[in-house]
Amino acid sequence: ASSLCRLKDPDPLAGVSAWARKRSGKSVRWLDAAVFAAKGRFELCVDEHIEYIEKACGRESVDDIDFANVTEIDSTILEFCTDQVLDCYVKLSNWDEAQDWIERAETMTNFACRHDLDYMKALCRFETGDVPGCREILESAVLSGSPTLSHGRSASHTIEEKADLE
């Protein structure tokens with residue numbers, strides 16, 4: 001499902017969802033939400049994933065869910081949904097919500113987010129005008145070997161370039 005979302009190909013996802021619904025007799029809401037992401041309808045994708053997680057966990061709000069101890073949803077599906085929500089927030093440039101989801105994701109023991117969380121935190125700080133905080137996160141990430149940020153350029157240099165654009 002992740003690959004089809006990245007390819008922006010909703011038709012196969014819709015087909016898999018229809019097949020799963022027919023086989024199980026139940027709606028596969030997390031897969032239906034992925035169809036929205038593949039279509040570029042990120043707000044709908046976020047809403048569907050959040051509603052799916054809330055209903056599956058029997059909660060009124062995702063704020064009431066301890067993501068580290070969710071047992072009602074398969075961990076792979078929970079990771080997929082969480083990654084999808086974060087990816088949608090990134091594509092929408094909604095950094096406040098992205099930061100909230102980063103904090104939730106970090107509590108999950110086996111969360112394998114395809115986004116570099118340090119990079120995401122830095123973007124959130126930068127968007128709010130906290131350039132020193134952004135720089136601190138990036139420099140720390142480079143020193144710790146962050147996969148996105150340790151490719152040779154200094155974090156300070158990158159921040160200065162971005163700040164010059166403002």
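# Helices, burial and cysteines in a predicted model

User: What pattern does the chain follow, read along the sequence?

Analyst: Read along the sequence, the chain follows the pattern α-α-α-α-α-α-α-α-α. That comes to nine helices and zero strands. Helices (H or I, at least four residues) and strands (E, at least two) are DSSP runs, numbered from the N terminus. This is a predicted model, where local features need pLDDT of at least 70, side-chain atom pairs count only at pLDDT 80 or more, and totals for chains, interfaces and linings use all residues. Residues are numbered from 1 along each chain as its sequence is written, and side-chain values use heavy atoms, with hydrogens and water left out.

User: Why is Gln84 called buried?

Analyst: Buried means under 20% relative accessible area, exposed over 50%, and partly exposed in between (1.4 Å probe, protein chains only). Gln84 has 5% relative accessibility, so Gln84 counts as buried. Gln84 sits in helix 5 (residues 75-91). Leaving out residues up to four places away in sequence, Gln84 touches Cys5, Ala34, Ala37, Cys45 and His49; contact here means heavy atoms within 4.5 Å.

User: And Cys88, what makes that residue buried?

Analyst: The relative accessible area of Cys88 is 1%, so Cys88 is buried. Cys88 is in helix 5. Beyond its neighbours within four places in sequence, Cys88 is in contact with Ala37, Phe42, Cys45 and Val46. Cys88 and Ala37 are 51 residues apart in sequence, yet their C-alpha atoms are 7.3 Å apart in space.

User: How do you know that Cys81 is in no disulfide?

Analyst: A disulfide is a pair of cysteine sulfur atoms within 2.5 Å. By this rule the count comes to zero disulfides. For Cys81, the nearest cysteine sulfur, that of Cys45, is 8.5 Å away. Cys81 is also buried, with a relative accessible area of 0%.

User: What makes helix 3 roughly antiparallel to helix 4?

Analyst: The axes of helix 3 (residues 29-38) and helix 4 (residues 42-57) come within 7 Å and cross at roughly 170 degrees. That crossing makes helix 3 roughly antiparallel to helix 4. The contact involves residues of helix 3, among them Trp30 and Phe36, and residues of helix 4, among them Phe42 and Tyr52. Axes are lines fitted to C-alpha atoms, for helices over the stretch in contact, and angles run from 0 to 180 degrees between N-to-C directions. Angles under 35 degrees count as roughly parallel, over 145 as roughly antiparallel, 65 to 115 as roughly perpendicular and the rest as oblique.

User: Why is helix 3 described as largely enclosed by the rest of the structure?

Analyst: Eight of the 10 residues of helix 3 are buried, so helix 3 is largely enclosed by the rest of the structure. Among those buried residues are Arg29, Trp30, Leu31 and Val35. The buried residues of helix 3 pack against helix 1 (2-6), helix 2 (10-24), helix 4 and helix 5. Helix 3 is followed by Gly40, whose phi is positive, near 80 degrees.

User: How many of the 166 residues of the chain count as buried, in percent?

Analyst: Of the 166 residues of the chain, 42% count as buried.
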